[in-house]
Amino acid sequence: MARPRKFDTEAAIDAAMNTFWSKGYTATSTDDLAESTGMLRGSLYNAFGGKRQLFELALRRYREGGTAGSSPAPADLPPLELIRQLLLTGVDQTSTDHRGCLAVNTVTELALREPELAQLARQAFVPLEATLTTAVENGRLRGEIRADRTPQVLARQVMAGFHGLLLQAKAGFEPESLHATVDAIVEDLRA
């Protein structure tokens, strides 16, 4: 008769996600994962199949948890302010904990060596792009956001700036300069 599992699978995935987020995929060892999850190495392999499989679960958890980039801003804000708050939240979180965005970190670290994992990480960008595209469309309806580029192009322009800001925040750039850059990105959207 098989013994029942004595661990919380969801808590173990969360712990692994935070370990990968803090250390990166390559630098995270099986011992690191065992320590953070409170599981023995053998139990990790039996439960999850290995480091790569656990990383895939962690990336999915990150994407599903809405932590891909920043916490959502209140939807009732005017479009330009919503975009500004999304950017500021991500910059401020990264300035505080220096982990950045797990998806950006993964793509940066693994794009050439592990393209399948990088592709999985890029899926975390989809909800942010959709939120930004909707905000741009709503801003156009209100006459607040420029109309010389498609909403998707403007959303991707904002995302490119945002991801660069997260890397700068992770590297320790002064929050005041990052906030000024956020304001410049938002100002560039204005009609």
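In the predicted model, Thr133 is placed in helix H8, which spans residues 125–141. With a relative accessible area of 16%, Thr133 falls under the 20% limit and is therefore classed as buried. A polar atom of the Thr133 side chain lies 2.8 Å from the backbone oxygen of Glu129. When residues up to four places away in sequence are not counted, Thr133 touches Pro151, Gln152 and Ala155.

A contact between two helices is found in another part of the chain, where helix H1 (residues 9–23) packs with helix H2 (residues 30–37) at an angle of about 130°, their axes being 8 Å apart. This angle makes H1 oblique to H2, and the crossing in which H1 passes H2 is right-handed. On the side of H1, the residues that meet H2 are Ala12, Ala15, Ala16, Thr19, Phe20 and Lys23, whereas H2 contributes Asp32, Leu33, Ser36 and Thr37.

His98 is found in the loop between helix H5 (79–97) and helix H6 (102–110), and its phi is near 60°, a positive value in a residue other than glycine. Most residues other than glycine have a negative phi. The relative accessible area of His98 is 39%, and His98 is accordingly partly exposed, whereas Thr133 in the model is buried.

Methods:
Residues numbered from 1 in each chain as written. Predicted model: local features only at pLDDT ≥ 70, side-chain atom pairs only at ≥ 80, totals over all residues. Heavy atoms only, no water. Axes fitted to C-alpha atoms, helices over the stretch in contact; angles between N-to-C directions. Helix = DSSP H or I, 4+ residues; strand = E, 2+ residues; numbered from the N terminus. Parallel < 35°, antiparallel > 145°, perpendicular 65-115°, else oblique. Left-handed = near helix turned anticlockwise from the far one by under 90°. Contact = heavy atoms within 4.5 Å. Buried < 20%, exposed > 50% of the residue type's maximum accessible area, 1.4 Å probe, protein only. Polar contact = N/O pair within 3.5 Å; in protein donor to acceptor, adjacent residues only side chain to side chain.
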